Amino acid sequence: MTPESHSIDWGSKTIEFSLHRADRKRVAIEVNPDLSVLVRAPASADLQPVLAVVRKKAKWILKQQRYFEQFLPRSPERTYVSGESHLYMGRHYRLKVHAVDDEPRVRLHGGYIHIYCADPADRASKHELVENWYRDHAAPVFSQRLAQCLDHRVFRKLSSPQVQIRKMKRRWGSCTRAGRVLLNLDLIRAPRRCIDYVVTHELCHLLVPEHTPEFFRLLRKVMPDWESRKTELEARLA
Ligand SMILES: [Zn+2]
């Protein structure tokens with residue numbers, strides 16, 4: 001039997017898990033070293049009581065994930081020196097760092113991301129400047145992509161959802177019960193077609209909350225090539 005995917009919201013976090021039904025009496029939860037969560041349940045169990053058990057154990061699940069997270073390979077630490085390559089909307093740009101006395105700022109110009117700052121050796125402030133620059137650019141891009149993706153007829157009943165940008169560790173997007181779409185700031189590094197995939201995935205969740213077959217039918221209807229976009233996103237921003 002193929003496992004079902006489900007998720008629960010816990011505060012600002014979302015816990016995704018796969019549900020395996022088997023000939024057993026009780027619900028058991030495992031957190032794997034790759035941070036995935038496996039829930040085993042009796043074959044005939046209704047979903048709601050299973051979700052209640054997961055919710056009850058949410059604190060423990062998050063604690064396990066935090067523990068395993070320290071052993072995961074990390075993406076190389078960025079140093080923000082001239083020549084280092086950074087992505088913006090799917091394209092690589094090299095950094096040029098300039099020492100200036102006036103206001104620190106970031107500019108995209110001539111195929112380079114220029115960082116103007118007082119102390120080019122100060123990694124933390126360069127990091128903050130670039131993150132803020134990404135955030136400033138992400139806001140209008142994400143709003144525009146949302147408006148574009150929302151234009152499909154299956155979404156005609158949705159009133160225009162609000163977008164919020166978050167720095168998230170392991171998710172590209174999520175949405176709230178109140179109909180808000182949360183997008184990972186790092187998504188601004190991805191090509192537009194990948195941003196559209198995440199936005200469309202979340203818009204589909206506003207109609208079908210869980211990863212049920214109905215959800216994937218809807219997603220395929222709106223975006224038949226969603227799987228290749230997802231693969232591209234994971235490959236490029238790994
Ligand atoms: Zn989802």
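Predicted model: local features only at pLDDT ≥ 70, side-chain atom pairs only at ≥ 80, totals over all residues.
On the H4 side the contacts are made by Thr-200, His-201, Cys-204 and Leu-207, which meet Phe-215, Leu-218, Leu-219 and Val-222 of H5.

H4 also packs with helix H3 (residues 123-149), here at an angle of about 60° and with the axes 9 Å apart. That angle makes H3 oblique to H4. The crossing of H3 and H4 is right-handed. From H3, Arg-145, Leu-146 and Cys-149 take part; from H4, the residues they meet are Arg-192, Ile-195, Asp-196, Val-199, Thr-200 and Leu-203.

## His-201 within H4

His-201 is a residue of helix H4. Is His-201 buried or exposed? It counts as buried, because 23 C-beta neighbours lie inside 10 Å and the threshold for burial is 20 or more.

Leaving aside residues up to four places away in sequence, His-201 touches Gly-173 and Leu-219. Between the C-alpha atoms of His-201 and Glu-77, which are 124 residues apart along the chain, the separation is 30 Å.

## Overall architecture

The protein contains six helices and eleven strands. Its C-alpha trace spans about 70 × 45 × 30 Å along the principal axes. Of the 238 residues, 21% count as buried. Among contacts between residues at least 6 apart in sequence, 43% join residues at least 24 apart.

The domain assignment gives domain 1 (4-69), domain 2 (85-133) and domain 3 (142-236). A distance of 42 Å separates the C-alpha centres of domain 1 and domain 2.

## The four-stranded sheet

Four strands form an open sheet with mixed pairing, in the order E1-E2-E4-E3. Strand E1 (4-10) and strand E3 (28-31) are the edge strands, each pairing on one side only. On average, neighbouring strands of this sheet are turned by 30° against each other, direction ignored.

E1 and strand E2 (residues 13-22) run antiparallel and are joined by seven bridges. Within this pair, Trp-10 stands opposite Lys-13 in E2. Helix H1 (residues 47-56) packs on the sheet and touches E1, E2, E3 and strand E4 (37-42), its direction making about 50° with that of E1. H2 likewise packs on the sheet, touching E1, E2, E3 and E4, and the direction of H2 makes about 20° with that of E3.

E3 and E4 run antiparallel and are joined by four bridges. The bridge partner of Ala-28 in E4 is Arg-40. The two strands form a hairpin with five residues between them, and Leu-35 in the turn has a positive phi of about 75°.

In a regular strand the side chains alternate between the two faces of the sheet. The covered face of E3 carries Ile-29 and Val-31, whereas Ala-28 and Glu-30 belong to the uncovered face.

Most residues other than glycine have a negative phi. Tyr-80, although not a glycine, has a positive phi of about 60°. This residue lies in the loop between helix H2 (58-69) and strand E5 (85-88). Tyr-80 is buried, with 22 other C-beta atoms within 10 Å.

Met-89, also a residue other than glycine, has a positive phi near 50°. Its position is in the loop between E5 and strand E6 (91-99).

Key:
Residues numbered from 1 in each chain as written. Buried ≥ 20, exposed ≤ 12 C-beta atoms within 10 Å, placed from the backbone. Domains from an automatic or database assignment. Pairing = 2+ DSSP bridges. Axes fitted to C-alpha atoms, helices over the stretch in contact; angles between N-to-C directions. Contact = placed C-beta atoms within 7 Å. Parallel < 35°, antiparallel > 145°, perpendicular 65-115°, else oblique. Left-handed = near helix turned anticlockwise from the far one by under 90°.
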